Amino acid sequence: MTSTYIATLELAAGAVLLSAVMTLWRRGVRSIVSMLSLQGVALAAVAMVLGRHEHENALLVTGVLVLVVKGLVVPTLLRRVSRLDPRSRESRPLVNVPASLVFAAALIVLAYVVGTRITALSPTSATHLAPLGLATVLVGYFMLVTRRRAVSKIVGLILVDNGIALVTFLLTSGVPLIVELGSSLDVLLVVVVLQFLMVSMRRHSDTDRLTEMKALHD
Amino acid sequence: MIANVDSLSQGLATLLQVIVVALGGPLLVGLMAKVKARAEGRVGAPISQPLRDLRKLLAKERLHARHASVVLPLAPMVIMATSVVAVAITPLVSTHPLLGSSADILVIVYLLLTGSAAAALAGLDPGTAFGGMGASRAMTIGALAEPALLVAVIALSIQSGTSNLPGIMASTLANPQWVLGPSRLLALGALLIVVIAETGRIPVDNPSTHLELTMVHEAMILEYAGPELALVSLGEAMRVGLLFSLVANLFLPWGIATHDTALALALGTVVVALKTAFVAVAVALIEVRSAKLRLFRLPELLAGGFVMSVLAVVTGLVTR
Amino acid sequence: MGWFLAALVLCGAAALVGAGLPRRVRVAGSALLGAAGCLIALAVALRTLIAGDTLTWHTTQILPFTGLSLSLDPLAAWFILASSFVGLAACLYNVGYAKGAMASRSAQSLFMVFVLTLIAVPAASSIMSLMFWWELMALSSLLLILTDQSRHREARSAALWYGAMTQIGAASILMGLLVMTSGGAGQSFADLRSHSSSLSPLAQSFAFVLVLLGFASKAGAVPLHVWLPKAHPEAPSPVSALMSSAMVAMGVYGIIRVGEDLLHGGTPWWWIAVALLGVVSAFYGALHATTSTDLKRLLAYSTIDIIGLVLIGVGAAGALKDNGQLGAAHVALSAALLLVVAHAAFKGALFLGAGAIERATGTRNLDLLGGLIHAMPVTALVVAISAGSIMAVPTLSGFSGEWLLLQGLLHGFATTSTPTVIVMLLGVIALALTGGLTAVAFVKSFGIGFLGQARSSGARDAREVAVSMRLAMLLLVVPSVALGVAPGLLVAMLSRATTSALGGKLASPLDAGTGLVLSRLGGAIAPAALLVGLVAVMALAWLLNQTLAQRRARRVEAWGCGRDLQTSRMQYTATSFAEPLQRVFADVLRPQSDVEVTHVAESRYYEQSLMYENRVVDVLEARGYRPLIAAAQRLGRVARGLQNGSIHRYLAFGFVALVVILVVVG
């Protein structure tokens with residue numbers, strides 16, 4: 001029984017990181033958002049598996065909340081935003097795709113080095129996977145910095161949030177429901193604001209590529 | 001006496017394995033063409049067409065390009081030799097082929113690299129532009145696929161504690177829960193990308209193209225005709241068979257013969273054929289769904305494979 | 001020990017003969033004596049490796065005050081094995097190669113002195129002896145670079161870079177070794193060995209870093225490698241071969257000797273630094289080798305690549321030993337040592353082959369070669385086997401070394417220390433990347449250089465070189481094949497060398513046999529059986545061809561898309577072969593391109609001529625060293641302001657300095 005628990009946990013945590021790497025790899029904004037919803041499902045799976053094993057109902061509810069918000073609502077909103085320009089692609093990110101993939105590999109190795117030191121403090125079968133969450137945070141941040149399209153940047157931000165959530169789930173095996181609710185609502189708010197901003201950006205300057213907007217000063 | 005009988009039966013098992021792959025490789029190529037044809041709404045050539053092509057080629061005249069040297073007739077023999085020896089030492093039908101104790105996965109990787117280098121030299125030998133182009137592109141793809149391949153192989157070896165092929169298979173048989181672990185799955189993904197690159201399938205290369213400027217692999221062997229082309233094609237088909245069945249056996253080793261009895265060997269042959277056919281159909285469906293990538297988009301694909309294999313190693317270390 | 005001294009004396013005699021005899025017998029005489037000396041040194045080295053003991057000798061006659069000490073233990077014997085074997089081949093090669101400037105008195109005597117120093121450096125066992133032989137090695141090779149006067153500008157620039165960097169390196173080594181004597185130890189290695197444990201860890205690390213800088217620069221580790229791609233191509237071919245096979249090995253020897261033996265291993269982070277240097281060197285060297293079109297420059301960068309792999313092995317061994325993984329450490333160091341010897345053989349053969357090509361065609365530029373296999377079959381065979389060895393074709397020596405290194409790294413993953421695990425991972429990635437890139441580089445050099453049609457008149461008029469040159473090249477091919485097919489033959493000697501380096505009573509995990517077997521760790525290869533299988537299948541395929549098809553092939557025109565008459569200009573060149581990789585790695589290589597357009601006098605809309613140049617320069621040199629040199633020159637110009645010509649000022653400087661010294665001392 002315990003071995004299937006560990007196996008499923010490993011698979012789900014691995015899927016979270018893998019979907020983060022896939023968002024770096026893919027160019028089409030629609031496929032990036034699909035990867036994000038996949039990550040939401042995997043994160044929810046981690047929470048639910050942990051909740052089932054530790055017999056904590058709060059975690060189960062958190063899992064359902066994560067599934068709904070990060071697996072369904074946020075990706076749908078992002079898809080609606082990206083429908084404003086249906087053929088949008090990350091055609092020329094700041095760091096090109098092969099280089100950013102190699103960089104991601106380096107970040108994953110860095111997360112492994114740092115993460116194992118943290119997990120050595122309290123080694124259990126769940127905390128061993130914390131470096132995967134740390135790696136997701138780093139990859140998400142990298143994406144936030146190097147991608148030109150607004151939607152890709154938001155996806156990066158959500159990746160950072162998901163990574164932090166994964167690390168907290170694994171290390172503390174449970175986040176108080178209210179904290180998770182708060183952070184999910186934050187993300188939701190960001191996405192709604194983004195939608196509004198995108199519409200007005202398009203109306204004003206007919207583009208949503210943020211590098212072309214350099215007049216962010218008085 | 002017992003040792004002699006043992007190695008004799010081992011030798012027979014190995015010979016069986018080589019013959020199975022020699023016949024099965026072209027059949028696999030034919031199967032993939034058939035699946036692609038059906039998926040595209042055509043009837044397609046029969047599965048045994050590549051074997052018939054080989055027979056037709058053997059009857060044709062031997063031609064050499066004017067400026068070619070001894071390398072041109074030598075290269076097909078090297079390609080065949082590396083393919084056959086790689087097949088002979090890999091545990092496909094039985095877990096202990098003739099050289100099983102020294103069947104190292106790194107030997108297989110470097111033998112296949114040697115075959116590719118021989119093909120590239122054959123492309124450069126006649127002194128044509130197409131041959132050089134094919135050689136240059138194929139070697140570039142090989143160089144970029146090598147990191148993904150080696151790191152994925154090392155990921156498997158770390159988990160099993162050895163790079164000896166029968167050892168990896170034995171440890172997988174002993175620990176079936178590894179098969180669905182994230183490390184193995186990521187290594188599988190990376191190896192699939194590498195196998196598609198090494199066998200020259202869409203999205204890396206189109207094996208049935210006739211436009212020289214779009215060729216990667218075909219351009220290297222453009223100057224071959226007749227029996228030498230048959231040798232090259234057979235060697236390549238055996239590579240395809242070896243790579244697909246190796247992937248199948250590394251990740252799902254069940255069904256492989258652990259004794260040398262005739263029943264076990266027969267069962268092992270059938271099972272490995274089925275597993276390999278499954279992999280071939282999967283690859284053919286990937287081919288149908290994708291378009292061939294531009295040459296300079298390939299580094300993205302291969303870098304992605306590389307990251308997946310690094311991920312496989314890191315998750316393997318984390319979940320140790 | 002007497003025999004070893006005899007070998008040294010013979011090489012010295014060869015140098016004298018080279019300076020003394022008239023031109024007709026000079027080359028043959030010195031080559032004969034030099035070859036005899038190398039042969040005796042080789043025999044002594046083999047004897048020491050088989051017996052496993054240490055020989056020592058000391059005299060106060062040659063160097064005043066400190067005396068000259070020599071000591072031959074298995075580790076030193078292993079490196080002497082490499083350098084004496086290549087020295088033997090180089091002396092033989094010299095007989096046919098030395099013509100014109102190379103056959104002059106100075107060139108011949110300096111050549112023999114260089115060979116002598118390469119045999120003596122590993123045997124040095126005191127600081128002064130080491131520095132004596134080290135400086136003599138650097139000086140003789142530096143002067144040899146200036147031999148060929150037809151390439152004035154490049155040779156002078158190469159000599160300047162080489163001289164400056166080797167001197168800085170030597171100063172750094174000397175400083176590091178002197179730090180190790182602080183607290184009043186003697187200057188012989190035995191004294192240093194016993195004294196080093198009483199040094200503070202900070203002092204030990206400081207000494208190691210200084211010594212590492214000097215030895216790593218000599219070995220060609222990035223970023224201290226800048227002199228290598230300049231100096232190795234400019235030297236005459238036998239000298240290049242010795243420099244690339246034996247002299248860089250001396251750098252590796254120094255690191256192992258000081259780090260493992262004299263400082264007893266030290267802390268893990270030293271070795272992690274060494275391994276990281278190796279990772280960067282391997283990648284950088286392989287990448288630049290792929291994009292070089294000058295044959296010798298390609299070989300020089302490939303030396304940096306292989307030395308990177310050796311340093312990965314050395315670093316991994318040190319780190320693993322400090323973490324308690326003694327078995328894996330042993331395997332990693334054995335792999336590094338095996339690669340050193342294998343590299344000496346195949347790199348020596350490749351450089352001698354490049355010399356033969358240069359002699360026959362008059363050029364080193366791959367873009368101007370082609371079709372040489374028809375006129376120079378022996379050279380082609382040598383280059384093919386050596387290139388195959390460096391590409392790690394199974395059954396050749398390079399594969400044995402790389403397989404063993406991968407085994408060491410693989411079993412090192414079991415360690416618990418995370419930085420060491422990362423080093424293992426980076427080592428595997430480096431091996432994988434450089435394997436592919438090296439394959440591209442050497443398929444390019446053999447395919448473009450020897451196959452296809454000749455791209456210039458020089459290539460068209462090539463003839464096979466002299467018998468002595470051919471024999472020397474074939475001699476160096478033998479280890480590539482022998483160490484590839486039966487590496488197990490050297491296992492006992494290799495284990496003794498490794499144990500003498502790592503110290504202690506470790507039982508070697510390498511077992512006896514013809515192949516390489518690691519029975520306790522799990523892993524084995526049997527290249528002899530592989531070779532039998534490969535040859536059998538090739539014979540079968542040939543038989544098939546001969547029986548089922550006709551015996552003779554008909555010669556026809558190659559396919560030109562419906563157009564006849566392929567000219568040599570239509571072929572791929574070396575530049576075009578490497579162009580896709582150059583594009584993929586453009587961010588690392590930073591190629592520079594220049595376009596020059598000359599317009600027609602009448603109108604700017606029409607072009608008379610267009611010149612396009614694309615070149616790949618060494619990035620570290622262009623963006624690292626040159627700005628540093630420019631800054632130093634600016635500093636010098638500023639300092640020149642002190643010299644305004646007034647004699648009063650100069651005298652005042654001396655007076656002020658005297659007063660300051662008196663104040664400080666008093």
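Chain B has 320 residues, and a compact globule of that length would have a radius of gyration near 20 Å; the chain comes in at 19 Å, so the two agree. Keep in mind that this is a predicted model.

**Chain B as a whole**
- Picture a box of roughly 55 × 50 × 40 Å along the principal axes: that's what the C-alpha atoms of chain B fill.
- Chain B is built from ten helices and one strand.
- Going along the sequence, the elements of chain B run α-α-β-α-α-α-α-α-α-α-α.
- Of the 320 residues in chain B, 65% are buried.
- Take the contacts in chain B between residues at least 6 apart in sequence: 79% of them link residues at least 24 apart.

**Where chains A and B meet**
- Chain A brings 22 residues to the contact, and chain B brings 18 residues.

**His128(A), a residue to look up**
- You'll find His128(A) in the loop between H4 and H5 of chain A.
- Is His128(A) buried or exposed? There are 22 other C-beta atoms within 10 Å, and the cut-off for buried is 20 or more, so His128(A) counts as buried.
- Leaving out residues up to four places away in sequence, His128(A) touches Thr119(A) and Pro123(A), plus Val318(B) and Thr319(B) from chain B.
- Val21(A) sits 107 residues from His128(A) along the chain, and their C-alpha atoms are 20 Å apart.

**Helix H15 of chain C**
- H15(C) covers residues 377–390, which is 14 residues, and spans 20 Å from its first C-alpha to its last, close to the 20 Å expected at 1.5 Å a residue.
- Ten of those 14 residues are buried, so H15(C) is largely enclosed by the rest of the structure.
- Among the buried residues of H15(C) are Val382(C), Val383(C), Ile385(C) and Ile390(C), along with Gly388(C) and Ser389(C).
- Which helices do the buried residues of H15(C) pack against? In chain C they are helix H12 (295–322), helix H13 (326–361), helix H14 (372–375), helix H16 (397–412), helix H17 (418–450) and helix H19 (467–485).
- After H15(C) comes Ala392(C), which has a positive phi, near 65 degrees.

Technical notes: Residues numbered from 1 in each chain as written. Chains lettered and ligands numbered in written order. Predicted model: local features only at pLDDT ≥ 70, side-chain atom pairs only at ≥ 80, totals over all residues. Contact = placed C-beta atoms within 7 Å. Helix = DSSP H or I, 4+ residues; strand = E, 2+ residues; numbered from the N terminus. Expected span 1.5 Å × (residues − 1). Buried ≥ 20, exposed ≤ 12 C-beta atoms within 10 Å, placed from the backbone. Rg over C-alpha atoms; globule rule 2.2 N^0.38 Å.
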